[in-house]
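Subject: The structure, plus notes

Hi,

Here is the structure I promised to pass along. Could you open it next to this email while you read?

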Amino acid sequence: MEGSDSAETETADTLMTTVSHHHFGDEMDEPAFSISIIENMKEDYGLFVWPCSVVLAEYVWQQRLRFSGAGVVEVLGAGTSLPGLVAVKVGADVTLTDDSSRLEVLDNMKRVLDLNKLECNVLGLTWGVWDASTFSLHPKFILGADVLYDASAFDDLFATVTFLLQCSPGSVFITTYHNRRKHFVCIMCSGHHLIEFLMVKWGLKCVKLLDAFSFMPSHKASGLSGNLQLAEIVLDSQRAEIPVLH
């Protein structure tokens, strides 16, 4: 029957779509607020809430006084945008971004904003690519959950982070990652030579490193597994020469 293929595809997509609910507050029984996220299990990693996103979102909530009134860019692949949406809820001025070519992910961000009755900017931003919209960003905080997974993209990742940090003196890049290296060697330390090299190349330094389970509430930590870590990264002011991006 004509049109049956598209109808079957639409039905399959609907069956693979779910809405997850994420609660934030000091009291488990009475959360301050909840965020609903539209996830699609059929699609790629950009439409699924990964553990690193849950960890970073919880950190934003716990550090909410730092974020209130601040400019925040959830950059470098916001995906389902959970950390960025928490930042909106605690009073930050947020721009959500993902790769400019991933239109379905960007559209899903807008649907999630509508679902939660929230407003913020949604922007296509491809790592290592500069356009007019990129130059308009001056964030105090840059958020990136689970962005250290594809070594081939690390240089563009750190170039973009450095550019945004240069745009706002005193700004911070906060990232969560799943340390998948054998023996769980810290990838922010000398155990991962590529990251160490690129941190030096782009004039970056790690000023805080936390094990996720050191601050996650027990009821959330029980649903996580693996070696999850959080790092805060800034420009290294002691570097005599830091690449300036224009």
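Below is what I found, going from the whole chain down to single residues.

Before anything else, please keep in mind that this is a predicted model.

**Overall**

The protein has 246 residues, of which 49% are buried. Its secondary structure consists of nine helices and nine strands. If you take the contacts between residues at least 6 apart in sequence, 68% of them link residues at least 24 apart.

**The cores**

Which residues touch the most other members of the largest nonpolar core? They are Ile35, Leu82, Val86 and Ile174, in a core of 47 residues. Several elements give two or more residues to this core: the helices H2, H4 and H5 (103–115), and the strands S2 (33–40), S4 (93–98), S6 (141–145), S7 (172–178) and S9 (228–235). H2 has the largest share, with eight residues. There is also a second, separate core of 26 residues, and Val161, Ile195, Ala231 and Ile233 are among its members.

Leaving out residues up to four places away in sequence, Ile174 touches Leu56, Tyr59 and Phe67, then Phe141, Ile142, Leu143 and Gly144, and finally Leu230, Ala231 and Glu232.

**H2 against H4**

Next, have a look at helix H2 (residues 51–62) and helix H4 (residues 82–89). Their axes come within 8 Å and cross at roughly 15°, so the two helices are roughly parallel to each other. The crossing is right-handed. On the H2 side the contact uses Ser53, Val54, Leu56, Ala57, Val60 and Trp61, and on the H4 side Leu82, Pro83, Val86 and Ala87. Sorted by class, that makes nine nonpolar residues, one polar and no charged ones.

Is H4 enclosed or open? Seven of its eight residues are buried, so H4 is largely enclosed by the rest of the structure. The buried ones are Leu82, Pro83, Gly84, Leu85, Val86, Ala87 and Val88. Just after H4 you will come to Gly91, which has a positive phi of about 100°.

From H2, I would pick out Trp61. Trp61 has a relative accessible area of 7%, so it counts as buried. Apart from neighbours within four places in sequence, Trp61 is in contact with Phe24, Gly25, Asp26, Ala32, Phe33, Val86 and Val90. One of these, Asp26, is 35 residues away in sequence, while the C-alpha atoms of Trp61 and Asp26 are 9.4 Å apart.

**H7 against H8**

The other helix pair to look at is helix H7 (residues 154–167) with helix H8 (residues 193–201). They pack at an angle of about 30°, and their axes are 10 Å apart. Here too the crossing is right-handed. H7 brings Phe154, Asp155 and Phe158 to the contact, and H8 brings Leu194, Ile195, Leu198, Met199 and Lys201. By class, this contact has six nonpolar residues, no polar ones and two charged ones. Ile195, from the H8 side of this contact, is also a member of the second core.

**A few loop residues**

The loop between H5 and strand S5 (121–124) holds Leu118, and Lys117 is in that loop as well.

What does Leu118 touch, once residues up to four places away in sequence are set aside? Its contacts are Ile35, Leu85, Val88, Lys89 and Leu113. Lys89 is 29 residues from Leu118 along the chain, with 8.1 Å between their C-alpha atoms. Two of the other contacts, Leu85 and Val88, are among the buried residues of H4.

Last, go to the loop between S6 and H7, where you will find Asp146. Its phi is near 55°, a positive value in a residue other than glycine. Asp146 has a relative accessible area of 13%, so it is buried.

Happy to go through any of this with you on screen.

Cheers

Methods. Residues are numbered from 1 along each chain as its sequence is written. This is a predicted model: local features need pLDDT of at least 70, side-chain atom pairs count only at pLDDT 80 or more; totals for chains, interfaces and linings use all residues. Side-chain values use heavy atoms; hydrogens and water are left out. Axes are lines fitted to C-alpha atoms, for helices over the stretch in contact, and angles run from 0 to 180 degrees between N-to-C directions. Helices (H or I, at least four residues) and strands (E, at least two) are DSSP runs, numbered from the N terminus. Angles under 35 degrees count as roughly parallel, over 145 as roughly antiparallel, 65 to 115 as roughly perpendicular and the rest as oblique. A crossing is left-handed if the near helix is turned anticlockwise from the far one by less than a right angle, and right-handed if clockwise. Contact means heavy atoms within 4.5 Å. Ala, Val, Leu, Ile, Met, Phe, Trp, Tyr, Cys and Pro count as nonpolar, Asp, Glu, Lys and Arg as charged, and the others, Gly among them, as polar. A nonpolar core is a set of buried Ala, Val, Leu, Ile, Met, Phe, Trp, Tyr and Cys residues joined through side-chain atoms within 4.5 Å. Buried means under 20% relative accessible area, exposed over 50%, partly exposed in between (1.4 Å probe, protein chains only).
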